[in-house]
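Q: I would like a close look at one residue and its surroundings. Please walk me through that part, then through the sheet, the rings and the core around it.

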Amino acid sequence: GEGMGKNIVNVAVANPNLETPITARITPDFYQKGFQTGEYVKKHLGDKEGKAVAFPGPQGSGWAETYMDGFRDSTKTGNIKLLAEMFGEASVPAQLQLVEDALQTYPDINVIWGGAPTAEAAIGAVADAGLSDITIMSSYENQTMLKAVKDGSVLGFATEQLRMHWLMYVVMAGYCAFCLWIIARARASGLAHVVQAFVQSRKLVQAVALFRLFRFRPFGGKA
């Protein structure tokens, strides 16, 4: 709020900020990431019944609950029964303890769903428990998940195309700063009609900027 009062550009990234006064926001759809990873697990299981424990992340973070909403809704139909939801700190040590507790509490578990720290922790916990029929699915990616998917220890993950995100952050911040500069100059010159025309054209300018952005994709790689 203080920065906005001084005409400083505030661009919120990743976590949804719906109440805080900001210039712009760029956030992935956590609900869809949770939902689609659930759908992918169901497809992978085929005719087999899945019994899942979910580890969405830290309770109260906002994003963890949204991920969980998506995955929970996915399990309402199909072949996955949701046994429990276990919230906790998004770190490998914290998730390892939760996963180990779940393996003891729910002996019939065959699906572990959660964030990248959960999946990373689950790889070792499942191996140490001598289990081989547990499917591990991550709701988001990190470098470890890339390696784990390649070696088959994790079924998959939902990707956010992070490099694209950061490019969008920079473009959006520059665009917002340019908007504020134009508006300030127009108002200082008493050109109210210019301000009005500029505001009306913002959506068009933004659409063109995003079109150019998404055409420029020199990243390659596989999700």
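Is serine 139 buried or exposed, and which residues does serine 139 touch?

A: Serine 139 is buried, with a relative accessible area of 0%. Buried means under 20% relative accessible area, exposed means over 50%, and partly exposed lies in between, for a 1.4 Å probe and protein chains only. This is a predicted model, where local features need pLDDT of at least 70, side-chain atom pairs count only at pLDDT 80 or more, and totals for chains, interfaces and linings use all residues. Residues are numbered from 1 along each chain as its sequence is written, and side-chain values use heavy atoms, leaving out hydrogens and water.

Serine 139 sits in the loop between strand 6 and helix 6 (143-151). Helices (H or I, at least four residues) and strands (E, at least two) are DSSP runs, numbered from the N terminus. Leaving aside residues up to four places away in sequence, serine 139 touches Lys33, Thr37, Tyr67, Trp113, Gly114, Gly115 and Ala158. Contact means heavy atoms within 4.5 Å.

5 strands form an open sheet in the order 4-3-5-6-7, with parallel pairing. Two strands pair if DSSP finds at least two bridges between them. Strand 4 (80-85) and strand 7 (156-157) are the edges, each pairing on one side only. Strand 6 (residues 135-138) pairs with strand 7 over 2 bridges, in the parallel sense. There, serine 138 has phenylalanine 157 of strand 7 as its bridge partner.

Next, strands 3 and 4. They run parallel and are joined by 5 bridges. Alanine 54 stands opposite glutamate 85 in strand 4. The chain goes from strand 3 through helix 3 to strand 4, a right-handed β-α-β crossover. Right-handed means that, with the strands pointing away from the viewer, the path from the first strand over the helix to the second runs clockwise. Helix 3 lies across strand 3 (50-55), strand 4 and strand 5 (111-114), at about 145 degrees to strand 4. Such angles run from 0 to 180 degrees between N-to-C directions, and axes are lines fitted to C-alpha atoms, for helices over the stretch in contact.

Back to Tyr67, one of the contacts of serine 139. Phe30, Trp63, Tyr67 and Tyr140 form one aromatic cluster. Rings of Phe, Tyr and Trp (its six-membered ring) pair if their centres lie within 6.5 Å; planes under 30 degrees apart are stacked, over 60 edge-to-face, and the rest tilted. The count comes to 6 aromatic pairs by this rule. In one of them, phenylalanine 30 and tyrosine 67 are tilted, 4.9 Å centre to centre with 35 degrees between the planes. Phenylalanine 30 lies in helix 2 (residues 30-45) and tyrosine 67 in helix 3 (residues 63-75), so this pair ties together parts that are 37 residues apart in sequence. Both phenylalanine 30 and tyrosine 67 are buried.

Last, the core. A nonpolar core is a set of buried Ala, Val, Leu, Ile, Met, Phe, Trp, Tyr and Cys residues joined through side-chain atoms within 4.5 Å. The largest one has 36 residues, and Phe55 and Ile112 touch the most other members. Beyond residues up to four places away in sequence, isoleucine 112 touches several others, including Val53, Phe55, Val99 and Leu103. In soluble globular proteins, nonpolar side chains tend to be buried together.
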